[in-house]
Amino acid sequence: MSDKKIRWGIIGPGDIAKAFRGGVLGSQHGELTAIATRNPDKPNLATDFPDVRVVHGYDALLADPEIDAVYIAVPHTGHAEWAIKAAEAGKHVLVEKPLALSSYEIDAVFHAHRQAGTFAAEAFMYRLHPQTAKIAELIGSGAIGEVRMIQSSFGFQMPRFMPEHRLFSSELAGGGILDVGGYPVSMARFIAGAAEGKPFADPLKVSGTASLNEQGTDNWAAAVLTFESGIVAQVSCAVYVNLDNVLRIHGSEGRIEVPAFWFAGGDRTKGRGQIDIISKDGSRETISVGEERHVYSFEVDAASQAIQDGRQELAAPGMTWADSIGNARVLDKWRADAGIEFEPEKSSRRTKTLANRSLGINQGVIPKRSIPDLPKQGSVVALGFEDFRTFASGAILMDAFWEKGGNIFDTAYVYGAGYTEQLFGEWQRSRGVREEAVLIGKGAHSPLCYPDVISKQLTQSLDRLQTDYVDIYFMHRDNLDVPVGEFVDAMDAEVKKGRIRGPFGGSNWTRERFDEAIAYAERTGKIKPSALSNNFALAEMLDPIWPGCITASTPEWKQWLKQRQVTNFSWSSQARGFFTDRAGRDKTDNEELVRVWYNEQNFNRRDRAVELAKQLGKSPIHLALAYVLAQSFPSVPLIGPRTLQELDDSLLALEIQLTPEQVNWLENA
């Protein structure tokens, strides 16, 4: 560890910045060098931050060579933006809680710092105070027996409702859940983890509610967290009612009570760390860790030491990256249950990237290719995004995919009851990229798999997608009770209306049915189907993942696709985890993996993927995707990353150019 102190700068000169300054002054490994403000003439700056250089503008602080690390103390809505910009500037960051508005934003912040090689952490100062370690020690020693319930609150009452105030304003992501709810949630997760000998535990179930004001933010709120161990936590927060603000840990042999645990029982400057242990007979023992240092000084030192040691995150009991993301997921669910969406999260407002920049050009590591019957170039991979349920979360991934060169987006009438279509529609409208994007639409899924459904569902889809056409269209299933010509007629009609402007065909159709459709079109002068969306992967699907699904991975299918030169948009192109450590001959706990992929031929292919991946310095999952890309027919894999890291990891496959000989060897041909 270096003896040189970390030179800290502060972005945002508010009350929390003043508290952090006190922590730096009481630290051993940090020093406060500068503070950035957009208003250098702000009253009391010199008084509040004596002997600290004032920098005009946040960008100027990030460009300052005399600053090693930045404490971000702007309102919640600016946390992600400035944390990402700090990473790009090579600065370490400690971000006042909440680190960002959602778990998705926090993941994006950590991804930026992972790429930059810089330190990032969420500033829950109580986690580094000796009192917190003492609580964990008492839990581990069995001082109150088996932990069964946790009650924790953090609530205060503002003098009146002020819609423009940061604690109430939707524009500033106000309300108790985000401002102070993270404290009782993080402590409950910490205690549940301590009871299991772990740094933290994530709940299996979260159920939340809140009383909302006219801004749509919460005045007071409560939630119940249920953990796998059986522990139940009741957490509450408020900005408009005084709560008792006592942590209670109930065990089989007594309980622990800690007043205002986030200040270690004291105020913002010091606290002795008082802990009360109440036995079953009512007798009480008070313990104090006797610590007089500034409560913020511990996080300053922990962050400074981590930076000196070259680490990118805090060590437990500080908030690790996984801990912060887990905490935010609880807050996400709590907010969702309460029906809270902040103004800056709405599609009408979030017209820029998370770093508050206009969307970049559609050019990057993802190359483009010509696709038969598609009048514009399409990226070699397509993005599916079924996992996202808010615009703010989905836009992060779509922005990144676009800026990396991806432009094919996979939607369907039935996905998320239409939500993926709505999400894409809001995104493309807010970004102005419809003409450059390639949009896949799907309809007529079972049981509504009939020709007359196609037009009706496409009308609904286009309304959700906020466009008047799709570039590629698939019938989502086939209905063998209906003559194939009726389906061809229905899709041909949509092409002639201009509502389908590229290739069309079927998803999960057989070769025989597709041949029949082509023959009908040729015989009647209709437009021929020329694209499929069947499963295709290095591992053959042995049993349908979902009823009615069809694989195109067999030798017969490959020969047919090569002969016909039909474009296949391959779903489950990486065999749903079969080429990761989740699978193996001795790993049989995942029913789907076993049922769908487990046989000796697939394991032999997996073995070869592992071997070749080692030779190429990649992972087997990269080989699996590269295999789909290396076919002798037009093959466009659909990928479904949930995070930016997963997206970047998938795209490593693009660095692999498999030869025909390697493809044959992987197939064990």
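At what angle do the axes of helix 13 (residues 451-465) and helix 14 (residues 484-496) cross, and within what distance do they come? In this predicted model, the two axes cross at roughly 25° and come within 8 Å. Because angles under 35 degrees count as roughly parallel, helix 13 and helix 14 are classed as roughly parallel to each other. Their crossing is right-handed. On the helix 13 side, the contact is formed by Pro451, Ile454, Ser455 and Leu458; helix 14 contributes Glu486, Phe487, Ala490, Met491 and Glu494. In an α-helix there are 3.6 residues a turn, so residues three or four places apart point the same way.

The structure holds zero disulfides. Cysteine 449 is accordingly in no disulfide, and the nearest cysteine sulfur, belonging to cysteine 549, is 13 Å away; a disulfide would require the two sulfur atoms to be within 2.5 Å. Cysteine 449 has a relative accessible area of 2% and is buried. Cysteine 237, at 1% relative accessibility, also counts as buried, because the cut-off for burial is under 20%.

Notes:
Residues are numbered from 1 along each chain as its sequence is written. This is a predicted model: local features need pLDDT of at least 70, side-chain atom pairs count only at pLDDT 80 or more; totals for chains, interfaces and linings use all residues. Side-chain values use heavy atoms; hydrogens and water are left out. Buried means under 20% relative accessible area, exposed over 50%, partly exposed in between (1.4 Å probe, protein chains only). Axes are lines fitted to C-alpha atoms, for helices over the stretch in contact, and angles run from 0 to 180 degrees between N-to-C directions. Helices (H or I, at least four residues) and strands (E, at least two) are DSSP runs, numbered from the N terminus. Angles under 35 degrees count as roughly parallel, over 145 as roughly antiparallel, 65 to 115 as roughly perpendicular and the rest as oblique. A crossing is left-handed if the near helix is turned anticlockwise from the far one by less than a right angle, and right-handed if clockwise. Contact means heavy atoms within 4.5 Å.
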